[in-house]
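Hi,

Here is the structure I promised to pass on. Have a look, and my notes follow below.

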Amino acid sequence: RNTFGGKLVNQVIGACGHISETEQEFRVLTVEVKGKEVLGQSLESLVASEVLEGDNAYHCSQCDAKRTARKRFVLSKLPKTLIVHLKRFEFNFEDMRRHKVNSRFEFPFELDMTPYTKDFLMTQESWGTKTCTEAPSPSSPGVAGK
């Protein structure tokens with residue numbers, strides 16, 4: 001667990017400034033490779049934000065109202081040894097079969113994971129300053145963003 005175990009956080013960052021977080025452990029980090037040329041692009045895609053707005057807006061439990069928000073994954077704890085799984089198979093709905101992604105994909109000799117961590121990303125942004133829940137559990141009252 002100490003050698004290969006890390007923690008991934010699902011964050012919902014409301015325009016109101018509140019942040020909801022759900023933490024989960026991982027042993028293998030799965031990344032997309034389709035349309036990517038290097039591992040850095042896959043990691044950027046992993047931490048990229050999805051905007052929740054309109055009918056899909058986030059209900060902030062602190063404000064008790066629907067808010068525009070961003071949803072993303074960030075790394076909160078890195079393992080000593082990172083295992084990266086390349087998602088090289090995709091399902092094709094036209095022929096109802098799995099196909100292998102055979103495009104070239106490169107790895108750096110050294111990998112700096114800092115730009116994909118929670119601490120780094122939170123210092124780079126101004127949207128979202130108040131954490132609603134740091135380590136929610138299913139029995140915690142007021143857990144938002146599930």
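**What I found**

Isoleucine 83 lies in the loop between β7 (69-77) and β8; strands here are DSSP E runs of at least two residues, numbered from the N terminus. Please keep in mind that this is a predicted model, where local features need pLDDT of at least 70, side-chain atom pairs count only at pLDDT 80 or more, and totals for chains, interfaces and linings use all residues. Residues are numbered from 1 along each chain as its sequence is written, and side-chain values use heavy atoms, with hydrogens and water left out.

Isoleucine 83 has a relative accessible area of 35%, so it is partly exposed (buried means under 20%, exposed over 50%, partly exposed in between, with a 1.4 Å probe and protein chains only).

Strand β8 (residues 84-87) runs parallel to β3, and four bridges join them (strands pair if DSSP finds at least two bridges). Valine 84 in β8 is the bridge partner of leucine 29. On β3 (residues 29-32), Leu29 and Val31 make up the covered face, while Thr30 and Glu32 are on the uncovered one.

Now the rings: there are two aromatic pairs (centres within 6.5 Å; planes under 30 degrees apart are stacked, over 60 edge-to-face, the rest tilted). Phenylalanine 91 and phenylalanine 93 are edge-to-face, at 5.1 Å centre to centre and 75° between the planes. The rings of phenylalanine 105 and phenylalanine 107 are also edge-to-face, because their centres are 5.5 Å apart and their planes at 80°. Phenylalanine 105 is buried at 11% relative accessibility, whereas phenylalanine 107 is partly exposed at 49%.

Best wishes

Notes. Phe/Tyr/Trp six-rings, centres within 6.5 Å; stacked < 30°, edge-to-face > 60°.
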